[in-house]
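Q: Can you walk me through this one? I'd like to talk about salt bridges.

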Amino acid sequence: MAKKLQSIRGIHDGLPEQVRCWQHIEQAARTIFERYAFSEVRLPVLEPTELFVRSIGAATDIVSKEMYAFVDQGGDHICLRPEGTAGAVRAYLQAGLTRSGAQRWYYMGPMFRRERPQKGRLRQFQQIGLEWFGVSGPVEDVEVLALAESFLKALGLVDLRLELNSLGCDQCRPVYRTVLVDFLRNAADRLCETCHERTEKNPMRVLDCKEERCQSTLREAPEITGHLCAACASHFEQLKLGLDALGIGYEVNPRIVRGLDYYNRTAFEFVTDRLGAQGTVLAGGRYDGLIEELGGPATPAIGFAAGVERLAMLLETPESPRPDFAIVSLGEQTLVWSLEQADWLRSQGFVVVHCGGGGAKRQFKLADREHARFTAVIGEEEMQRNLITVKDMETGEQRTMTRQEVVTFAHR
RNA sequence: GUGGAUGUAGCUCAAUGGUAGAGCCCCGGUUUGUGGUACCGGUGGUUGUGGGUUCGAGUCCCAUCAUCCACCCCA
């Protein structure tokens, strides 16, 4: 079948079954986040291209080749947001909230990256993001992790792994970087081609290499956690103490590197191995330099983003809602009255579908397919006597009763 | 951006280069107000699209698009 009109590659529709699952996830996020006193914000999908160049970093893949960026009719350079943090910071600054104390925000919505689609990766995908401005941690870092964990737990996801790292700060990261690059250059003959490139471009990424050969060499590589400055080391220690106290399990993984330039200190990922190559389901960290970078006062902050579609893949799709009543109307005379009864039952709080009249057999078939709990059979006899015949679709029993009886009968 | 696999009915899939089929779903029927089972019948396809080879292409070749998976990268 030739589909002449198709959605854009990697951009998929959310059909009812899918959306039910998303709503379940969003519902859990709202409940848990608000329990930590975070407030929802709704931010633009279109932003000035410049925003992401200055925040995420011009050299990152996201900015250099994955952004949907274009010039609009007025000559403005705009793009579809590839992530949420930069826009949130922009909004925070634009609203002049830098002197209003810490801000606790969360949001959910679509993000866009023009990548090659694969499992767990789409060009338009949804993130649930959370940002906490004006707090330096480590107490808040612990709380963010605790919040993230209870969110995932609320979804029934208990088999996720929390990987934790510290990326250091302006003081210690450059020092570590030179140590690492030295090591990598010395070991260059035992590393693969892409590792050579990454040594120059983004040395911490080398540690992530999937080549067996490289990994055995990299076992001796210096780790960031051994090169943190006193302040970062203490921050990291207190974070771990807090997690231990709350009974939150984690593994320190010195290899995790957040993809975007603005991260420092605490970095974390909740990972599953049930999702193929895209196992990261929720990830984030601290970005103490970003707000200043975008023109605000030096303000520490921490946040994370969760991939809704990835979470959805780990969950059972919830059952479709079952109507309480399917209205079966028999005989043309009863049609109007049956519509009134449908309306009335809805006003009593029931979910009601009308089977549209016509043959009895057809209507019962419809009622069956909708998985209605009851059918309300309305024929001339019922209409005359102001009664409704209610059939229990599971047991097959049916009884004629007054309209008030129907309500109490169905409500038990 | 690179590599591999796959595109036939709404869905899942058949069809030694020789007239495109099945199951499920959907619609209708098996005596006039009763579903889920059974039986009968029916709708439904320019074989993803465009070229090429051939007397003849769903089948072979090329291109293109899409999906899936992996790399890169990331939620």
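Here is a short chat about charged pairs in this structure.

A: First, this is a predicted model: local features need pLDDT of at least 70, side-chain atom pairs count only at pLDDT 80 or more, and totals for chains, interfaces and linings use all residues. Residues are numbered from 1 along each chain as its sequence is written, and side-chain values use heavy atoms, with hydrogens and water left out.

Q: How many salt bridges does the structure hold?

A: There are 13. A salt bridge is a side-chain nitrogen of Lys or Arg within 4 Å of a carboxyl oxygen of Asp or Glu.

Q: What is the N to O distance for Lys-65 and Asp-61?

A: It is 3.6 Å. Both residues lie in helix H3, residues 61-65. They are 4 residues apart, about one turn of the helix. A helix here is a DSSP run (H or I, at least four residues), numbered from the N terminus.

Q: Over to helix H10. Which residue does Glu-237 pair with?

A: Lys-240, with the closest N and O atoms 3.1 Å apart. Both sit in helix H10, residues 230-245.

Q: Is Lys-240 buried or exposed?

A: Buried, because its relative accessible area is 15%. Buried means under 20%, exposed over 50%, partly exposed in between (1.4 Å probe, protein chains only). Glu-237 is partly exposed, at 43%.

Q: Which residues are linked in a network with Arg-42?

A: Arg-30 and Glu-40. The closest N and O atoms of Arg-42 and Glu-40 are 3.2 Å apart. Arg-42 counts as exposed because its relative accessibility is 70%. Glu-40 is partly exposed, at 25%.

Terms used. Chains lettered and ligands numbered in written order. Helix = DSSP H or I, 4+ residues; strand = E, 2+ residues; numbered from the N terminus.
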